[in-house]
Amino acid sequence: MSIQSFDLIFNCSVFKALPAGTILDDSGDIPDKIYLIVKGVMRSYVRLESGKEVTKSLFTPMTIIASFEALLNKIPSESTYECLTDSEIYVLDFTKFKELYKSNTEILGFYAKFLEALVCEKDKKYIEVLTMNATERYLNLRKIIPNIDNLIPQYQIAKFLSITPVQLSRVRGKL
């Protein structure tokens, strides 16, 4: 993407520094923003009827996040997006972004590549959950985010891995 096209996106964005615990989009909200993480770790999660939170994804810097199904279909989100650490982000109004990609083929191409990557990542995560045991998932997470154990609480890592904190302790003890 050219600097001119990048600047069009950048000029429509707002920079924000957020403390840990900040909710970007909450379950039930109809989102209208997309976010680029510059610094920090964030997660998306769903809350079950029992009240239990299930972490769907962890996000690190240089990741674009949003509740895309809700955003694209203008429906309430089933997920909550939360800062796990102090974070810095750029916020982009999705309507403005749509106007940009409708008038700029470079931005449209960037958006298409992003959506392709998003589909591939979802498929990869699905296969990982189906085929890997807890130890393999934990090692894979550490490969993706090498210092994860120092960034967020262990119970958050366990939620992401779909295991209990006790199970995570056992996994870590065997390594």
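Lysine 74 sits in the loop between helix H2 (68-73) and strand E7 (80-83). Helices (H or I, at least four residues) and strands (E, at least two) are DSSP runs, numbered from the N terminus. The model is predicted: local features need pLDDT of at least 70, side-chain atom pairs count only at pLDDT 80 or more, and totals for chains, interfaces and linings use all residues. Residues are numbered from 1 along each chain as its sequence is written, and side-chain values use heavy atoms, with hydrogens and water left out.

Lysine 74 is not a glycine, yet its phi is positive, at about 55°. Its relative accessible area is 59%, so lysine 74 is exposed. The scale runs as follows: buried is under 20% relative accessible area, exposed is over 50%, and partly exposed is in between (1.4 Å probe, protein chains only). Serine 162 is another non-glycine residue with a positive phi, here about 60°. Serine 162 belongs to the loop between H7 and helix H8 (165-174). Serine 162 is exposed too, at 55% relative accessibility.

## Confidence

The mean pLDDT of the chain is 92, and 100% of the residues score at least 70. pLDDT is the predictor's confidence in each residue, from 0 to 100.

## Around threonine 55

Threonine 55 lies in strand E5 (residues 53-59). Is it buried or exposed? Threonine 55 is buried, because its relative accessible area is 3%. Its side chain makes a polar contact with the side chain of arginine 43, at 2.9 Å. A polar contact is a pair of N or O atoms within 3.5 Å; within protein, one must be able to donate a hydrogen and the other to accept it, and residues adjacent in sequence count only if both atoms are side-chain atoms. Not counting residues up to four places away in sequence, threonine 55 touches Arg43, Ser44, Tyr45, Gln156, Lys159 and Phe160. Contact means heavy atoms within 4.5 Å.

Arginine 43 also lies over the face of tyrosine 45, 3.8 Å from the ring centre. The criterion is NZ of Lys or CZ of Arg within 6 Å of the ring centre and within 35 degrees of the ring normal.

Serine 44 is in strand E4 (residues 42-47). Serine 44 is buried, with a relative accessible area of 1%. Beyond residues up to four places away in sequence, serine 44 touches Val54, Thr55, Lys56, Ser57, Phe59, Thr80 and Tyr81.

Glutamine 156 is in helix H7 (residues 154-161). Glutamine 156 is buried at 5% relative accessible area. With neighbours within four places in sequence set aside, glutamine 156 is in contact with Arg43, Thr55 and Leu84. Glutamine 156 and valine 54 are 102 residues apart in sequence, but 9.5 Å apart in space, C-alpha to C-alpha.

## Aromatic pairs

A pair of aromatic rings is described by the distance of the centres and the angle of the planes. Here, rings of Phe, Tyr and Trp (its six-membered ring) pair if their centres lie within 6.5 Å; planes under 30 degrees apart count as stacked, over 60 as edge-to-face and the rest as tilted. The count by this rule is 10 aromatic pairs. Phenylalanine 94 and tyrosine 111 form a tilted pair, 6.4 Å centre to centre, with 55° between the planes. This pair links distant parts of the chain: phenylalanine 94 is in helix H3 (residues 94-103) and tyrosine 111 is in helix H4, 17 residues apart. Phenylalanine 94 is buried at 6% relative accessibility. Tyrosine 111 is buried at 8%.

Why is the pair of phenylalanine 97 and tyrosine 101 edge-to-face? Because the ring planes are at 70°, with the centres 5.5 Å apart. Phenylalanine 97 and tyrosine 101 are four residues apart in helix H3, so about one helical turn separates them. Phenylalanine 97 is buried at 3% relative accessibility, and tyrosine 101 is buried at 15%. Elsewhere, Phe6, Phe10, Phe15 and Tyr90 form one aromatic cluster.

## Cysteines

A disulfide is a covalent bond between the sulfur atoms of two cysteines. How many disulfides does a search of the whole structure find? It finds zero, with a disulfide taken as a pair of cysteine sulfur atoms within 2.5 Å. Cysteine 12 is partly exposed, with a relative accessible area of 25%. Cysteine 120 is exposed, at 53% relative accessibility.
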